[in-house]
Amino acid sequence: MRLVGAELLEAREILPGQWLQTYHAPTLATGSRAGQFVHVRTGDLSGLVLRRPFSINTADLATGTITIHFRTVGRGTEWFTHLRPGDFVDMLGPLGRPFEVDSRSRHLLLIAGGLGMAGVRSLADEAIRAGRQVTLLFGAASARDVYPTSLLPDEVEYVVATDDGSLGHHGFVTELVPQYEGWADQAFACGPEPMLQALSRLAATRRARMGVANLGRRRGGGKGDVVGSPAARRKAFLQVSMEQGMGCAVGACLGCVVMATSGVPQRVCREGPVFASDEIDWEGTWGR
Amino acid sequence: MKARRHVVTGTAASGSTRREPTARKPRSASASVSMRPSGTPSRPAPAGPVNGAAAGLDASAPVDLSVDLGRGLVLPNPILVASGTFGYGVEYGDVVEVDRLGGICCKGTTLRARIGNPTPRVTETPGGMLNSIGLQNPGVDAVIAKYAATWEGWRVPVIVNVAGESVGDYVEVVRRLDGIPGIAGIELNISCPNVGRGGLQFAIDADAAAGVTAAVRRATDLPLLVKLSPNVADIRPIARAIEEAGADALSAVNTLSGIAVAGSRSKPLLGNIYGGLSGPAIKPVALRIVYEVSQVVGIPVIAIGGITDIDDVLDFLAVGAVAVQVGTAIFADPTLPVRLVTELEAACRSRGHASHRPLVGTALPKRASAPSSRGVEYRP
């Protein structure tokens with residue numbers, strides 16, 4: 001984690017109200033892993049006192065750049081859209097813990113809902129560099145919100161679902177999962193909480209539904225792995241990237257917690273944003 | 001010993017039981033010169049703008065920023081970080097040089113572990129933020145086990161912020177902290193509901209505030225700060241009661257109570273409904289309270305409330321604070337507190353002061369108002 005001055009190189013409105021910005025930040029590009037995020041300071045627009053967290057959407061080691069992808073939802077994100085190439089912003093990062101891919105996993109299933117694309121996008125790059133196969137399931141409200149194919153690596157199999165049926169599967173992206181969960185060795189998701197909760201239910205019942213016999217070592221139940229440790233997460237079928245309103249983003253303020261099955265609230269900024277799906281208490285009413 | 005609780009002014013040897021308001025002291029050349037390390041020759045002023053011909057401090061002259069809070073707690077400088085905004089001091093890692101801070105007030109600590117309030121817990125508001133963390137913490141024993149050894153290795157004093165639901169809770173937490181190396185002092189968060197008395201906050205009642213302060217005072221010889229709540233009609237009788245109960249210093253203020261509404265307009269936004277407002281939005285309120293409190297107590301007042309730059313620090317010193325805590329601004333700029341130390345040093349130097357003490361209390365009424373015996377009148 002360090003504070004860096006990042007220069008904006010390019011900004012594009014890739015979808016209505018959604019922006020993709022490229023920043024020159026070599027230490028973040030080389031020092032971060034898929035799933036981590038940056039906490040970026042806004043200009044002081046009459047009293048915005050908090051930074052804004054953004055997933056590292058992509059990181060390019062060759063050019064020392066990272067991209068962030070966001071939707072304008074308020075004055076803070078609005079401020080970022082007024083930046084011009086050459087402007088500098090103050091970034092704190094890389095923050096949080098990354099996705100943990102098992103070295104034996106050949107087939108990765110990525111599932112993104114809306115802006116959740118930003119959470120899993122760089123894992124696609126990392127996986128392809130490592131010679132893995134990637135299928136990306138993407139859900140959006142309608143065709144106008146679908147992430148452009150041109151911004152994805154050619155190697156990714158890209159499957160789209162829209163709520164109104166204007167493109168791809170007519171329905172929720174979670175309905176596509178059963179077709180791919182047999183193929184996938186591991187799954188990684190980011191998106192609205194109901195989507196993650198539905199995926200978590202699917203993951204919990206996956207082995208039973210698929211009629212897989214429990215032979216040999218079981219994933220996710222390894223002895224000696226502390227819950228939440230990289231080793232334990234690596235064995236989980238589904239990892240989710242969570243979102244929560246954030247204060248400090250380094251674990252000091254305890255503002256961004258989610259309830260865990262252990263009964264102790266976990267910090268999205270520190271223990272997360274990536275969690276094994278069975279670490280999260282999805283059924284509880286706490287904080288919902 | 002009341003006399004030991006004075007802010008040491010370097011040359012002061014007053015036997016009075018009240019802090020000498022610095023503003024009323026003539027700034028004599030001899031007083032400033034006497035602050036120099038002996039043997040340092042009075043060099044001609046360099047080219048830079050140097051005020052205060054009497055002092056003639058050059059750019060390399062040492063500025064004494066230390067603050068003596070009594071009972072052996074001497075802060076290296078008056079810039080602290082506020083409880084809840086800096087975790088246990090370790091979270092920011094290499095980004096912040098903690099040893100350059102004047103002090104660290106750690107996250108609120110209770111007797112038993114607490115899971116805190118449901119989410120959402122934080123939201124940004126105009127010029128500030130609301131938080132309702134609900135004192136999530138692993139409990140005093142876990143805090144000691146996990147952090148005390150680290151703190152012991154630091155030069156910066158770590159003041160443990162203590163919260164509780166009953167006087168017994170507070171006393172027990174403080175007992176366990178007493179004598180642990182690495183713990184420099186206690187800051188009591190008394191803005192907690194007193195379960196034994198129908199959930200009334202300790203901080204809004206002079207008797208309850210004094211009661212918990214006195215009980216903790218009996219339990220420890222550690223330096224004791226008590227953090228005042230701004231959510232009261234008149235802070236002065238409460239501040240005086242806490243002083244008389246044996247507090248070594250006051251910190252003012254805690255957050256202002258507030259709420260936000262969810263985007264759907266169907267419910268309040270925060271999981272706990274109520275949150276505490278902090279940030280620049282509360283600075284005028286904090287200034288007013290420090291102004292009021294510093295005139296009626298003799299113990300040091302540490303100001304908290306919306307500090308984002310050196311001018312804010314100087315404002316709080318002017319209304320009588322001897323030190324300040326930076327809180328919410330850390331989230332936007334973690335390096336701010338350390339930078340403020342440097343900037344305060346420069347501010348003293350440019351005014352020809354060998355310490356920041358001449359800056360304390362300059363905006364207070366020139367004639368000491370007699371401490372109110374009733375403290376009931378409220379001037380908005």
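Which residues of helix 5 of chain B are buried? They are B:R236, B:P237, B:I238, B:A239, B:R240, B:A241, B:I242 and B:E243, where buried stands for 20 or more other C-beta atoms within 10 Å of a residue's own, exposed for 12 or fewer and partly exposed for anything in between, with C-beta atoms placed from the backbone.

## Basis of the description

This is a predicted model, in which local features need pLDDT of at least 70 and side-chain atom pairs count only at pLDDT 80 or more, while totals for chains, interfaces and linings use all residues. Residues are numbered from 1 along each chain as its sequence is written, and chains are lettered from A and ligands numbered from 1 in the order in which they are written.

## Chain B overall

Chain B has nine helices and 16 strands; these are DSSP runs numbered from the N terminus, helices being H or I of at least four residues and strands E of at least two. Of its 380 residues, 51% count as buried. Among contacts in chain B with a separation of 6 or more, 71% come from residues 24 or more positions apart, a contact being two C-beta atoms, placed from the backbone, within 7 Å.

## The barrel

Eight strands of chain B form a closed barrel in the order 3-4-7-8-11-12-15-16, with parallel pairing. Neighbouring strands of this sheet are turned against each other by 25 degrees on average, direction ignored. Pairing here requires at least two DSSP bridges between two strands. Strand 7 (residues 158-162) and strand 8 (residues 185-189) of chain B run parallel and are joined by four bridges; B:N161 has B:E187 of strand 8 as its bridge partner.

Strand 15 (residues 301-304) of chain B is joined to strand 12 by three bridges, in parallel, and B:L250 is bridged to B:V301 of strand 15. Three bridges also join strand 15 to strand 16 (residues 323-326) of chain B, again parallel, with B:A323 as the partner of B:I302. From strand 15 the chain passes through helix 7 (residues 310-318) of chain B to strand 16 in a right-handed β-α-β crossover, that is, one whose path from the first strand over the helix to the second runs clockwise when the strands point away from the viewer. In strand 15, B:V301 and B:A303 point one way and B:I302 and B:I304 the other, and all are buried.

## Helices around the strands

Helix 5 (residues 236-244) of chain B is mostly covered, with eight of its nine residues buried. The elements over its buried residues include helix 4 (206-219), strand 11 (224-228), strand 12 (249-252) and helix 6 (283-296) of chain B. After helix 5 comes B:G246, with a positive phi near 110 degrees.

Helix 3 (residues 167-177) of chain B lies across strand 7 and strand 8 and runs at about 155 degrees to strand 7; axes are lines fitted to C-alpha atoms, for helices over the stretch in contact, and angles between N-to-C directions run from 0 to 180 degrees. B:D169, B:Y170, B:V171, B:V173, B:V174 and B:L177 are the buried residues of helix 3. These pack against helix 2 (140-152), strand 7, strand 8 and helix 4 of chain B. B:G179 follows helix 3, and its phi is positive, near 85 degrees.

## Nonpolar core

The largest nonpolar core has 187 residues, of which B:L250, B:V290, B:I302 and B:V324 touch the most other members. Such a core is a set of buried Ala, Val, Leu, Ile, Met, Phe, Trp, Tyr and Cys residues joined through C-beta atoms within 7 Å. Neighbours within four places in sequence aside, B:V324 is in contact with B:P78, B:I79, B:L80, B:I302, B:A303, B:I304, B:I307, B:V313 and B:F316.

## The open sheet

A sheet of four strands in chain B is open, ordered 5-6-14-13, with antiparallel pairing. Its edge strands, strand 5 (122-125) and strand 13 (256-258) of chain B, each pair on one side only. The twist averages 35 degrees from one strand to the next. Strand 6 (residues 128-131) and strand 14 (residues 275-278) of chain B run antiparallel and share three bridges, and B:M129 has B:S278 of strand 14 as its bridge partner.

## An exposed loop residue

B:V195 is in the loop between strand 9 (193-194) and strand 10 (200-201) of chain B. B:V195 counts as exposed because it has 12 C-beta neighbours inside 10 Å. Apart from neighbours within four places in sequence, B:V195 is in contact with B:E165 and B:S166.
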